[in-house]
Amino acid sequence: PNCPSPPAGEAGASHAVEIDAEQVSEPARPAEDQVTELPEPTRSQTEIIRLVLEAMEERGVNQTFICGRLALSPVYFSMWLKEKQMPARKKSLYASACEMWVGDEAFSIRNASLTDTNP
């Protein structure tokens, strides 16, 4: 008995999966690349700042780029880089967001409430 040819079956299957993915909407579940809350930073602020400045130079980006990428306030980001006094929660969130970005250049935050930033 002849089995149906695999290529057609595979193409049909992957197509069906795509359609399903579009039809199944789960608003509660964020997209894969979107974090709903930031983990605690694993390094000290001083260490993360050093890594951020290195990464900025290597990747050829400026503070404005990072603020846009990570939903940070330019004023607070500048204060954070200089280790100035700022709310502890915000300081920790900025450290975490920057640490994630240092580890993964593609990392981005679209939801400004994650970083306590007014959009």
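**Notes on helices 3, 4 and 5**

1. The buried residues of helix 3 are covered by, among others, helix 2 (45–59), helix 4 (74–81) and helix 5 (88–103). Contact here means heavy atoms within 4.5 Å, and buried means under 20% relative accessible area, exposed over 50%, partly exposed in between (1.4 Å probe, protein chains only). Helices are DSSP runs (H or I, at least four residues), numbered from the N terminus.

2. A word on the source: this is a predicted model, where local features need pLDDT of at least 70 and side-chain atom pairs count only at pLDDT 80 or more, while totals for chains, interfaces and linings use all residues. Residues are numbered from 1 along each chain as its sequence is written, and side-chain values use heavy atoms, with hydrogens and water left out.

3. In helix 3 (residues 63–70), Ile66, Cys67 and Leu70 are the buried residues. They lie on the same side of helix 3 because they cover an arc of only 100° around the axis, taken from the directions from the helix axis to the C-beta atoms. Thr64 and Gly68 are exposed on the face turned away from that buried side.

4. Just after helix 3, Ala71 has a positive phi of about 55°.

5. Helix 5 packs its buried residues against helix 2, helix 3 and helix 4. Among these buried residues are Leu93, Tyr94, Trp101 and Val102.

6. Arg59 sits over the face of Trp101, 4.4 Å from the ring centre; the rule asks for NZ of Lys or CZ of Arg within 6 Å of the ring centre and within 35 degrees of the ring normal.

7. Phe77 and Trp80 are both in helix 4, three residues apart, about one turn of the helix. Both Phe77 and Trp80 are buried.

Methods:
Helices (H or I, at least four residues) and strands (E, at least two) are DSSP runs, numbered from the N terminus.
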